[in-house]
Amino acid sequence: MNRNDPVEHYDVAIAGGGAIGAVLACALADGGAKALLVDPSFSLAAKTCNESDPETGSAGASTRDRRAPDRSGSFAPGAFTPRPLALSLASWRMLEALDIEKSLTERATPIRSIHISEAGRFGAARLEAGRFDLECFGKVIDAASLGQALDKALGRRDLSPGVQRRSVDSKSSGGVHRIGGRIEGACPLAHGIAPHVVFPNAIGQDPPSIPRSLSHPPPGTRPTPPSERADTPFVASLLAIADGGRSGLRQSLGVATCERTYPQRALATVVSVRTPHPFTAFERFTPEGPVALLPMGGPRYGLVLCASPDRIHRLGTACETDFLAALDSVFGGRMGGFRAADRRRIFDLKLEYARDIIGRRSVSIGNAAHRLHPVAGQGFNLGLRDAACLSQMVMAARSQGRDGGDRQTLFDYRRWRAPDHARTRRFTDGLVRLFGHRFSPIALMRAPGLVAFDLLPGFKRALTRQATGLAGKVPDLALGIRPTPAPSLEGEDDQDLEGSR
Ligand SMILES: Cc1cc2nc3c(=O)[nH]c(=O)nc-3n(C[C@H](O)[C@H](O)[C@H](O)COP(=O)(O)OP(=O)(O)OC[C@H]3O[C@@H](n4cnc5c(N)ncnc54)[C@H](O)[C@@H]3O)c2cc1C
């Protein structure tokens, strides 16, 4: 592609500014890459911003304004709905390496021990971080606080035209350009990919779109020959699909998935207890589904309760007294009684994952690649490892004079991520299945199994590695290694970087 084209060229275009897309954008920027981060929620804020922000001095939304990034940067309520999130040690180290954790530290509570039990049966297991020379297994934060911290982190890496960068490593020429909109398709070009961005204010007008025939070749047909340019203002070397578990983009790009619906829903809230156990997380398996209590400081605990849709509906609509009484019956006297609960939120549960996480100059990450059951709090942590590994691979490609969307980079990324994806899927789905049997011989073996687990350090070590996110080949960010800017390809002769597979 001729770099003099009036299109904006990015190293990576990211569909989805949830936590995973936002962290990927920060990591790329710190490594010297240019990222385009697209999320519809940015435009909601941008609209408000355009109406009232003295910086823009504009109340209208001209075509130009529609492409302007949101400077206020509020996130989608969905992605950062207030709810407890257990971050593994590896995830916390990633946030540290990207300077995202500072504004979170005061609001994060370390998990130093994990208590695992089954309602109505004897036997329990306890994991202590100190026994493995760890300060903690991870930390619990509120998703809303994470959203605010990421917003600040993105602001420091802002690449928007006309915006004074507030503080970015001076060695890095990378940054993040946030725009409000949806990526609804993409057209692979000879040396990049053109995301089809639909701007919300453009309803009733023609978006700068790619013909559907180009972005959606019918199954079984030969791929459309790469064109030299598309009618879109943005081109990237790679498209990262990070638009969450209901990923519409994955679907429109024809990425097949495997899925299994759980006969359960989840209810999440924050509760207060009479007898707190500082820094201890509880995972309790009940006949209806797993229940987690995550320490959030003092008497406050994050609660994630999974049960049949009927029971979740009843618990979600019960008065507070009945709700707290139901929790008492789940946990017995262990917590000394439940005193109060915040707003209860309900989530659908599903196991769904992409059959292939890579495509032509595209890659699925986070929940768009794998939506897991929330038991043992693994989904977000797995997605952060995706973001860390992908940014590392893109940087490695750039330092070798390749772009980050070529075939080799994507194949290497897939090879790296496959074992972690499979292991984490087996772990969460296996737990749900193991504790889902009520009357079989498996059910009878569980209690002695928990006792045996408690006595066998080998099992505990394996579980600790999974809980901390330090199993298998770990990305540099999870080891606390900060990204270093790689040389840019800008100005170099284009090479044949065709990435079809
Ligand atoms: C009850 C519950 C408790 C959980 N607890 C934990 C836990 O303790 N620990 C843990 O590790 N995990 C946990 N998880 C899982 C975790 O919440 C998810 O894995 C994580 O939030 C996924 O983040 P994401 O960025 O991939 O997707 P999302 O958070 O869904 O973000 C997707 C973003 O994409 C945007 N978007 C959508 N469509 C488009 C488009 N076409 N173009 C551009 N943008 C688009 C959306 O606006 C949104 O901002 C829990 C899940 C549940 C349900």
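Analyst: Two strands pair if DSSP finds at least two bridges between them. The model discussed here is a predicted one.

User: Which residue of β13 stands opposite S113?

Analyst: Strand β5 (residues 113-118) pairs with β13 in the parallel sense, over six bridges. Within this pairing, the residue of β13 opposite S113 is T280.

User: How many residues lie between β13 and β14 in their hairpin?

Analyst: Strand β14 covers residues 289-295 and runs antiparallel to β13, with five bridges joining them. T286 has G289 of β14 as its bridge partner. The two strands form a hairpin, and the number of residues between them is two.

User: How many of the seven residues of strand β13 are buried?

Analyst: A residue counts as buried if 20 or more other C-beta atoms lie within 10 Å of its own. Strand β13 (residues 280-286) is largely enclosed by the rest of the structure, because its buried residues number five.

User: In what order do the strands of the open sheet containing β7 lie?

Analyst: The sheet has three strands, and the pairing is antiparallel. Its edge strands are β3 and β4 (109-111), each of which pairs on one side only. Neighbouring strands are turned against each other by 35° on average, direction ignored. With β3 and β4 at the edges, the order is β3-β7-β4.

User: Which residue of β7 stands opposite S88?

Analyst: β3 and strand β7 (residues 138-142) run antiparallel and are joined by five bridges. The residue of β7 that faces S88 is G138.

User: At what angle does α4 run to β3?

Analyst: Helix α4 lies across both β3 and β7. Its angle to β3 is about 85°.

User: Which helix gives the most to the shell around the ligand?

Analyst: The ligand is surrounded by 38 residues, the closest being G16, G18, G244, G366 and G379. Elements that each supply at least two residues of this shell include α1 (19-30), β2 (34-39), β12 (257-273) and α11 (379-399). With four residues, the element giving the most is α11.

User: How many residues of the shell around the ligand are charged?

Analyst: The shell has 18 nonpolar and 16 polar residues. The number of charged residues is four.

User: Which residues have the most contacts inside the largest nonpolar core?

Analyst: This core has 126 residues. Leaving aside neighbours within four places in sequence, A240 is in contact with V12, I14, A15, G21, L24, V363, I365 and L390. The residues with the most contacts inside the core are I14, L24 and A240.

User: How far apart in space are P475 and L390, C-alpha to C-alpha?

Analyst: P475 is placed in the segment after α14 (457-468), and counts as buried because it has 26 C-beta neighbours inside 10 Å. Leaving aside neighbours within four places in sequence, P475 is in contact with R385, A388, C389 and Q392. P475 and L390 are separated by 85 residues in sequence, whereas their distance in space is 9.1 Å.

User: Is A397 buried or exposed?

Analyst: A397 is found in helix α11. Beyond its neighbours within four places in sequence, A397 is in contact with R402, D403, G404, D406 and T409. A397 and T409 are 12 residues apart in sequence and 6.6 Å apart in space, C-alpha to C-alpha. Because 25 other C-beta atoms lie within 10 Å of A397, the residue is buried.

User: What percentage of the 501 residues of the protein counts as buried?

Analyst: The secondary structure comes to 14 helices and 20 strands. Among contacts with a separation of 6 or more, 76% are between residues 24 or more positions apart. The share of residues that count as buried is 48%.

Technical notes:
Residues numbered from 1 in each chain as written. Predicted model: local features only at pLDDT ≥ 70, side-chain atom pairs only at ≥ 80, totals over all residues. Near = placed C-beta within 6 Å. Nonpolar A, V, L, I, M, F, W, Y, C, P; charged D, E, K, R; others polar. Core = buried A, V, L, I, M, F, W, Y, C linked by C-beta atoms within 7 Å. Buried ≥ 20, exposed ≤ 12 C-beta atoms within 10 Å, placed from the backbone. Contact = placed C-beta atoms within 7 Å. Axes fitted to C-alpha atoms, helices over the stretch in contact; angles between N-to-C directions.
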